[in-house]
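Welcome, and thanks for taking a look at this one with me. Please open the structure below, and then we can walk through it part by part.

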Amino acid sequence: MPVLGVLVALLVLLPLGFVASYVATSSWAEIRQLVLRPRTAELLWNTSRLIAGCVLACAVLGTATAWLVERTTVPWRGLWRVLLVAPLAIPAFVNSYGWVSLLPGASGYGGALLIVTLSYFPLVYLPVGAALRGLDPALEESAFTLGRGPLRVFWGVVLPQLRPALAGGCLLVGLHLLAEFGALQMLRFPTFTVAIYEQYQSSFNGPAANMLSAVLLAYCLLLLLAELRLRRRARYARVGSGAARPAPRVRLGALTLPAVAGLALLAALSLGVPLGSLVYWLAKGTTSHVAFGPLGVAAATSLGLGATAALVTVALALPVAWLDVRRPGRLATLIERSTYFGNALPGIVVALALVTISIRVVPALYQTVPLLTAAYAILFLPRAVVGVRAALAQAPPVLDDVARSLGLSAMAGLRRVTIPLTAPGLGVGAALVFIAVVTELTATLLLAPTGTQTLATRFWASSDGLAYGEAAPYAAVMVLLSTPATYLLTRDMRRASSG
Amino acid sequence: MRRSRRALPVLLSVTLGAALAACGGGSGADGNALTVYGAPHGELLSAMADGFTQQTGIKVNVRPGADAELANQIVQEGKASPADVIMTENSPAMGLADSRGLLARVDTATVAQVPSKFVPSSHNWVGFAARSTVLVYNTKALAPGQLPVSIMDLAQPQWRGRVGIAPSGADFQAIVSAVLALRGETATRQWLDGLKANAKAYSNNIAILKAVNSGEVAAGVSYHYYWYKDRAAGGVSSGNAELRFFGNQDPGAFLSTSGAGVLASSKKQPQAQQFLAYLTSEAGQKVLAASKAMEYPLLPSVTNSVLRPISVLDPPEVDPAKLNGPEVVTLMQKAGLL
């Protein structure tokens, strides 16, 4: 297991090592010429103001909606819980397609801020909602008895306890934004990722693309560090005996109507507009013709690649999670942390690194499904590790020992006892990877074998040519494929909170 | 728990089935097929590739990409390149591949089919289509008298915020390479600086056409066929737009050559040469003229009567072999357009 774990960690660190060695072997003059120029400043400014604006907006929207649904008497809470998560099933580039195809003026900073916020606020809503449900109301009650008003209690007692969830959600939003290509390209708002792709189109894996990659990677790592600092080490669980009660709900009274109106407006903007636009273009597109042949092939390809990558990634996640849970120690932590870097790697950076490495070192893998699968695994391993680790932690280790004492080999024990016990967790991990692969664009564009077209690349080719009707069926199938996995992800959460 | 135990094998078999289906459907591993790295638009490429397959029975597998991306890609891949043929929309990328010695000499019979101004002196690639630079303008925003005389005028202050370009596209970069070849580096640099201040950047020429048509910008630099294609399809995105052909051998009248070449490393030389022969044959050129692509066929015997005749365009004399792609990219990076 430790050997397997180390190999997995090395695979994930490969792109990082490539970019680092690329910069290290470049001359200072070259770095200065390619990095220290006005365009870099422009991209830095665009990327930073988009992240700042969007993270703030997502934090406010995500926390406000989570509080309304979990802590107030707002009606139809079950409905809102579904509608507030559902935007996750619509990839950001499909969302921006929905907006841009109806309102061509929705571009630049304002348009980008609005549209990516609508796509990504559930990333904050989900963890904050879960944290709010888990909070012990006793602390708030103590604050009330000490004479604090409701606002000051929220600011001084509730919010600090939400900090890990909020910081985690905001980090996810930031990292998604740094990696986002399709949506921002469509909205004509150039950030680092968009510019790297443009450099790629003008020079393949030339120095300018690799240098911008290094800057982007540094930005991602900075964000990761910021989140670690923000979370700090503190105790958030209840000390002592007893269990937390569900918190009493705040009566909205006259504010019920505005609250419902606000939630409805949010759902209309984040779901109604993209889905409505999809339906509009589907209806309009059928008057010409829908090419079912290519659609079927693309759907099968996406399904196949998604399934393969999900299997492989979960298999790679197993040793990492197993070491972390069953053999904790410095090595296990180191391995687990290394795979976490996948979170901070934009698809374009990984793809560029793998293109260069495969051409120079392993030409047999160049433009093959295994290489593409490796890219997916590097990018989405953290998602699989989270699911697998949680499941392993809940499976009692004593059962492994019992299996061994009854004469099963280590491998047989894993196969017949541990894996069946952890199946739900593996399933969640696989579902997460699957959704991500079906909607992945940049790595697929760069690495897929010649002739391989996925739903995402077909959709992109059509919508980039502004052939909106032609693009619609591909987007619709992507949304349909993502929906069950999104449902699966939120099922446990909704069950836990059905009260 | 029990349910999940039963669910896992089902999930696994579904996944594996789907994976196998994808491998069968996607990779198209036909040993005899030609691999073409092709930048031209899908409709043009697939029409010509289908025509070739019908005539010869040889299948064609296309890897789409942008001009410079594909040329640099074969440079990086070197001898191990999986490609047999490279086709680009503009000639600078062909020049790049040729300068690195990656292209095989084109059969003399094929070269003889094509008018000599569309063939580089090395004879290592041939043109198969041409496209004219134009200014597409909104007829409500600009009267004919307000139109620029030369494409160089677009760098002047009165065009601030009123002109659209697609700087990351190979088409615009080819136009810049013509400006560079005709006016020299200093003038090109000043022109690019002016455009950085004046122009709105779009991701491609279709986006420019739509923006001009809706009045988002008054005019845009483009190639002729986007407007013709849209007019042929009903004019939804071109009803308010007209074309200005600069003529007078202005850099803005640049006629760009789409080229094709056979990779020296290809193990299918005869078939690849056959493909080039077909592209430039009367049959291949007729397919091009009859397709929806609206690009200019190169053979004098084949014309598309909808287009403004190629004989009246009065383009500047530019040797397609002399256009310098990498130099243009560097200049555009310095101007902050890339």
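A332(A) is buried, because 21 other C-beta atoms lie within 10 Å of its own; here a residue is buried with 20 or more other C-beta atoms within 10 Å of its own, exposed with 12 or fewer, and partly exposed in between, the C-beta atoms being placed from the backbone. A332(A) belongs to helix α15 (residues 330-340) of chain A, where helices (H or I, at least four residues) and strands (E, at least two) are DSSP runs numbered from the N terminus. Setting aside neighbours within four places in sequence, A332(A) is in contact with L323(A), D324(A) and R327(A); contact means C-beta atoms, placed from the backbone, within 7 Å. A332(A) and P2(A) are 330 residues apart in sequence, and their C-alpha atoms are 7.8 Å apart in space.

L14(A) sits in helix α1 (residues 2-24) of chain A. With 16 other C-beta atoms within 10 Å, L14(A) is partly exposed. Between L14(A) and I378(A) there are 364 residues of sequence separation and 8.9 Å from C-alpha to C-alpha.

## How to read the model

This is a predicted model, in which local features need pLDDT of at least 70, side-chain atom pairs count only at pLDDT 80 or more, and totals for chains, interfaces and linings use all residues. Residues are numbered from 1 along each chain as its sequence is written, while chains are lettered from A and ligands numbered from 1 in the order in which they are written.

The model scores ipTM 0.77 and pTM 0.84. Chain B has a mean pLDDT of 89, with 91% of its residues at 70 or more; pLDDT is the predictor's confidence in each residue, from 0 to 100. Over residues 1-11 of chain B, pLDDT stays under 50, and the model has seven contacts for them beyond four places in sequence. Residues 20-29 of chain B also have pLDDT below 50, with 20 contacts in the model beyond near neighbours in sequence. Where pLDDT is low, the predicted coordinates should not be read in detail.

## Annotated domain and nonpolar cores

For chain A, UniProt (unreviewed entry) lists "domain: ABC transmembrane type-1" at residues 44-230 and 299-489; such positions are given in the numbering used here, feature names are shortened, and annotations may be inferred rather than shown by experiment. Across residues 44-230 of chain A, the chain is 82% helix and 0% strand, and the end C-alpha atoms are 22 Å apart.

The largest nonpolar core has 166 residues, and A375(A) and V433(A) have the most contacts inside it. A nonpolar core is a set of buried Ala, Val, Leu, Ile, Met, Phe, Trp, Tyr and Cys residues joined through C-beta atoms within 7 Å. Helix α14 (residues 292-326) of chain A supplies the largest share of this core, 19 residues. A second, separate core of 104 residues includes A207(B), A211(B), F275(B) and A335(B). Beyond four places in sequence, the contacts of V433(A) include A309(A), A310(A), T313(A) and F380(A).

## Where the chains meet

How many residues of chain B are in contact with chain A? There are 39, and they touch 41 residues of chain A. On the chain B side, α1 (2-26), β2 (60-64), α3 (67-77), α8 (205-214) and α12 (325-335) each supply at least two residues. Of these, α1(B) gives the most, with 12 residues.

By class, the side of chain B that touches chain A has 16 nonpolar, 18 polar and five charged residues. Ala, Val, Leu, Ile, Met, Phe, Trp, Tyr, Cys and Pro count as nonpolar, Asp, Glu, Lys and Arg as charged, and the others, Gly among them, as polar.

## Two domains and an annotated site in chain B

Chain B is assigned domain 1 (34-130 + 255-308) and domain 2 (131-254 + 326-335), with bounds from an automatic or database domain assignment. Their centres, taken over C-alpha atoms, are 26 Å apart. In domain 1 of chain B, 20 residues are in contact with 16 residues of domain 2 of chain B.

UniProt (unreviewed entry) places a "binding site" at H41(B), E89(B), Y225(B) and Y226(B). These span 186 residues in sequence, yet no two of their C-alpha atoms are more than 13.7 Å apart, so they gather at one spot. E89(B) lies in the loop between β3 (85-88) and α4 (91-99) of chain B, and it counts as buried with 24 C-beta neighbours inside 10 Å. Y226(B), in helix α9 (residues 224-232) of chain B, is buried with 27 other C-beta atoms within 10 Å. Leaving aside neighbours within four places in sequence, Y226(B) is in contact with N205(B), I206(B) and L209(B).

Notes:
Two residues are in contact if their C-beta atoms, placed from the backbone, lie within 7 Å.
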